[in-house]
Amino acid sequence: MEPLKLRRWDSAEHLKTEEDMVLYLQACMEEAGDDAAFIAKALGNVARARGMTQLAKETGLGRESLYKALSGEGNPSFGTILKVMHALGIKLQAQAADPA
């Protein structure tokens, strides 16, 4: 029997449309709870799907800095998150939490 060849899952490969990206981010934000790194990583996946080089130009941030900040291992400033979201055409909206 031939060994099974596996590949690491990359969410960015499956984010093809604007709707895909928004729904993915919404789901990640609901799932993340208080895990800021999870949200940064999800935003990084959307950024990679769009094109990190173009995003770097639009935000004025270095491409390598963006990769690191949005890797889930970095600790991006809120300003960086806002710049990235703005460049991606994504709005951050507040709404009341469901009472638990």
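User: Which side chain does aspartate 10 meet in a salt bridge?
Analyst: In this predicted model, the side chain of aspartate 10 meets that of arginine 48 in a salt bridge, with a distance of 2.6 Å from N to O. The two partners come from distant parts of the chain, since aspartate 10 sits in the segment before helix H1 (18-32) while arginine 48 belongs to helix H2 (residues 36-50), and they are 38 residues apart.

User: How many salt bridges does the structure hold?
Analyst: The structure holds four salt bridges, and another of them joins the side chains of arginine 50 and glutamate 18, at 2.5 Å from N to O. Arginine 50 lies in helix H2 and glutamate 18 in helix H1, so this pair ties together parts of the chain that are 32 residues apart in sequence.

User: What about the accessibility of those two?
Analyst: Arginine 50 is partly exposed, with a relative accessible area of 30%, and glutamate 18 is also partly exposed, with a value of 47%.

User: Which residue does glutamate 64 pair with?
Analyst: Glutamate 64 forms a salt bridge with arginine 63, and the closest N and O atoms of this pair are 3.5 Å apart. Glutamate 64 counts as exposed, at 54% relative accessibility, whereas arginine 63 is partly exposed, with a relative accessible area of 37%.

User: Switching to H1, what is its length in residues and in Å?
Analyst: Helix H1 has 15 residues and reaches 21 Å from its first C-alpha to its last, which is close to the 21 Å expected at 1.5 Å a residue.

User: Which residues of H1 are buried?
Analyst: The buried residues of H1 are Met21, Tyr24, Leu25, Cys28 and Ala32. When you look down the axis of H1, these buried residues fall within an arc of 95 degrees, so they line one face of the helix.

User: Why would residues a few places apart point the same way?
Analyst: An α-helix has 3.6 residues a turn, so residues three or four places apart point the same way.

User: What covers that buried side, and what is on the face turned away from it?
Analyst: The cover over the buried residues of H1 includes H2. On the face of H1 turned away from its buried side you find the exposed residues Glu19 and Glu30.

User: What follows H1?
Analyst: H1 is followed by glycine 33, which has a positive phi, near 60 degrees.

User: New topic: which residues form the nonpolar patch on the surface?
Analyst: The patch is formed by Met29, Phe78, Leu82 and Leu92, which together have about 380 Å² of accessible area. Leucine 92 is placed in the segment after helix H5 (78-88), and at 45% relative accessibility leucine 92 counts as partly exposed.

User: How much of the chain counts as buried?
Analyst: Of the 100 residues of the chain, 33% count as buried. The accessible surface of the chain comes to about 7,600 Å², and 53% of that surface belongs to carbon and sulfur atoms.

Conventions
Residues numbered from 1 in each chain as written. Predicted model: local features only at pLDDT ≥ 70, side-chain atom pairs only at ≥ 80, totals over all residues. Heavy atoms only, no water. Helix = DSSP H or I, 4+ residues; strand = E, 2+ residues; numbered from the N terminus. Buried < 20%, exposed > 50% of the residue type's maximum accessible area, 1.4 Å probe, protein only. Patch = residues over 30% accessible without salt bridge, like charges linked within 9 Å, V, L, I, M, F, W, Y side chains within 5 Å. Areas by Shrake-Rupley, 256 points an atom, 1.4 Å probe, with all protein chains shown as cover. Expected span 1.5 Å × (residues − 1). Arc of directions from axis to C-beta. Contact = heavy atoms within 4.5 Å.
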